[in-house]
Amino acid sequence: MAAKQNRISEALSSFIRAESFSGIFLFFCAVSAMIVANSPFSDIYKNFWEQPFGFSFAGGFYGFSIHDWINDVLMSIFFLMVGLEIKRELLFGDLSGFQKAAFPVIGAVGGMIVPGVIYYVLNMNTPSYHGFGIPMATDIAFALGVILLLGKRVPLALKVFLVTLAVADDLGAIVVIAVFYPSPEGLHFIYLGAAAGLLILLTGINHLGVRHLGVYIGIGILLWFCVHHSGIHATIAAVALAFCIPVKPKIESKEFIQVVQQMIEIFESKDKERKNILLDTQQMSAIDEAGRDFAKVQNPLLRLEHALQPLCAFIIMPLFAFANAGVDIRAEVNFHIDHIMLGVILGLVVGKPLGILSLTFLCEKCKIASRPAGVSWSHIFGAGMLAGIGFTMSMFVSNLAFDAPQASDVSKIAILLASSIAGIVGSLYLIINYKINSRAKVKS
């Protein structure tokens, strides 16, 4: 019985650690928000997020509402992690060379342009045209979660393609937010200048070989403050900080290997002389030296990224979903505000796969780049469907695009519907495609 419980516990732990769980947990939080927002606790739910949180000093209040803390401060940590992932992919991953990057990047461009155009055409000459950025985004956690749950029905090369496409899509979304969604109050050039100065400082200390993450985080907080007051959305500061985080460790692996080997030699020689379980001074000194070098041999970028991943996956993103997905549909929601509903749903469900498939097909025909080995056009179309799961990034853009609560509510309902349709239809399509291909192989 105990062995069985241990196996169940290990299986559960493995499942929780899997990347797919973060997408499932995100969906659970969004559904929970919708349930609470349409329950007798609806008023408590709405009022809670608007509560101010901060401190009073010299007769003034310094802080934000809980909702703003989540959307502006905590989501900056999420964007810091996204920026670190993008930098890693650009330097060492599937975005590091033109041949490797061209196919998924062109797919990401198609998956942004076509949905944006569909939304814009439907809402042209209306106050809602500014929401064109909503269907341009892909939620990497959700999309990857769904594709991982499909298991062996999807080739590994397609999973890599979708992840790379989603990372490139995130980079595009960051550019869209920075360019098209500035503060309605306009730009403040004094703060912009201060932010530019801090970026130069961060770049400078990186080149000087400073590897202590605390220094970068400290300057990054000042950068966030300046960007927040400059009129550009504060999350852009987090991405800029990510690109300044050093990759090169303080010491090379060869040096660390020597230190570890020396420690092992000391332990082996001293263990022969020891008469009890206590370590001697030389052994303790060797342990301390190895411990100091343990941190120095790690890449600062990877160390920070790995530290932020569980925080973002299991706290920040679910909290964002719970705070933003709760729309009260019991009230009179005007689904006919311009064509927001239609624009978002068609953009994500139709525009994403159409844009990704058409531009990657054109890319291969023009011999710019070719499909990954083992991936068919039907696979690309299925991945394009899953890329229509916008959710987190779409919700984030929705908060920036609309000032009117009714328009924002309609767009969020549309995002939830479109993401659900894209996830379900995309999964069914890839499962059916796998079965058809399997039968064809058996017959041949």
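## Helix H16 and the basis of the values

A residue is called buried when its relative accessible area is under 20%, exposed when that area is over 50%, and partly exposed in between, with a 1.4 Å probe and protein chains only. By this criterion helix H16 (residues 391-401) is mostly covered, since 9 of its 11 residues are buried. The buried residues of H16 are Phe391, Thr392, Met393, Ser394, Met395, Phe396, Val397, Ser398 and Ala401. Helices here are DSSP runs of H or I with at least four residues, and strands are runs of E with at least two, numbered from the N terminus. Accessible areas come from the Shrake-Rupley method with a 1.4 Å probe, and for residues only the protein chains shown count as cover.

The model is predicted, so that local features need pLDDT of at least 70 and side-chain atom pairs count only at pLDDT 80 or more, whereas totals for chains, interfaces and linings use all residues. Residues are numbered from 1 along each chain as its sequence is written, and side-chain values use heavy atoms, with hydrogens and water left out.

## Salt bridges

Side chains of opposite charge can pair when their charged atoms come close. With a salt bridge taken as a side-chain nitrogen of Lys or Arg within 4 Å of a carboxyl oxygen of Asp or Glu, the structure holds 5 salt bridges. One of these joins the side chains of Lys46 and Asp328, at 3.6 Å from N to O. Lys46 lies in helix H3 (residues 42-49) and Asp328 in the loop between helix H13 (300-324) and H14, so the pair ties together parts that are 282 residues apart in sequence. Lys46 counts as partly exposed, at 39% relative accessibility, while Asp328 is buried, with a relative accessible area of 13%.

Another salt bridge brings together the side chains of Arg88 and Glu89, with an N to O distance of 3.1 Å. Arg88 is partly exposed at a relative accessible area of 24%, and Glu89 is buried at 11%. Salt bridges that share partners join Arg88, Glu89 and Glu305 into one network. Arg371 also forms a salt bridge, in this case with Glu364, and the closest N and O atoms of that pair are 3.3 Å apart; Arg371 is partly exposed, with a relative accessible area of 27%.

Asn71 is found in helix H4 (residues 66-91) and is buried, with a relative accessible area of 6%.

Thr360, in helix H14 (residues 340-365), counts as buried at 0% relative accessibility. A polar atom of the Thr360 side chain lies 3.1 Å from the backbone oxygen of Leu357.

## Surface patches

Patches are made of residues with over 30% relative accessible area and no salt bridge, like charges being joined within 9 Å and nonpolar side chains (Val, Leu, Ile, Met, Phe, Trp, Tyr) within 5 Å. Val105, Val109, Ile113, Val117, Tyr120, Val121, Met124 and Tyr129 make a nonpolar surface patch of about 650 Å². Val117 lies in helix H5 and is partly exposed, with a relative accessible area of 45%.

Arg153, Lys435, Arg439 and Lys443 form a positive surface patch. Within this group, Arg439 is found in helix H17 (residues 405-443) and counts as exposed at 59% relative accessibility.

## Loop residues

Two loop residues have positive phi values. Asn125, in the loop between helix H5 (98-123) and helix H6 (140-149), has a phi near 65°, a positive value in a residue other than glycine, and Asn125 is exposed, with a relative accessible area of 79%. Asp338, found in the loop between H13 and H14, has a positive phi of about 50° although it is not a glycine, and Asp338 counts as partly exposed at 26% relative accessibility.

Val247 lies in the loop between helix H10 (235-244) and helix H11 (253-273) and is buried, with a relative accessible area of 17%.

Methods. Lys, Arg positive; Asp, Glu negative; His and termini not counted. Charge placed at Lys NZ, Arg CZ, Asp CG, Glu CD. Polar contact = N/O pair within 3.5 Å; in protein donor to acceptor, adjacent residues only side chain to side chain.
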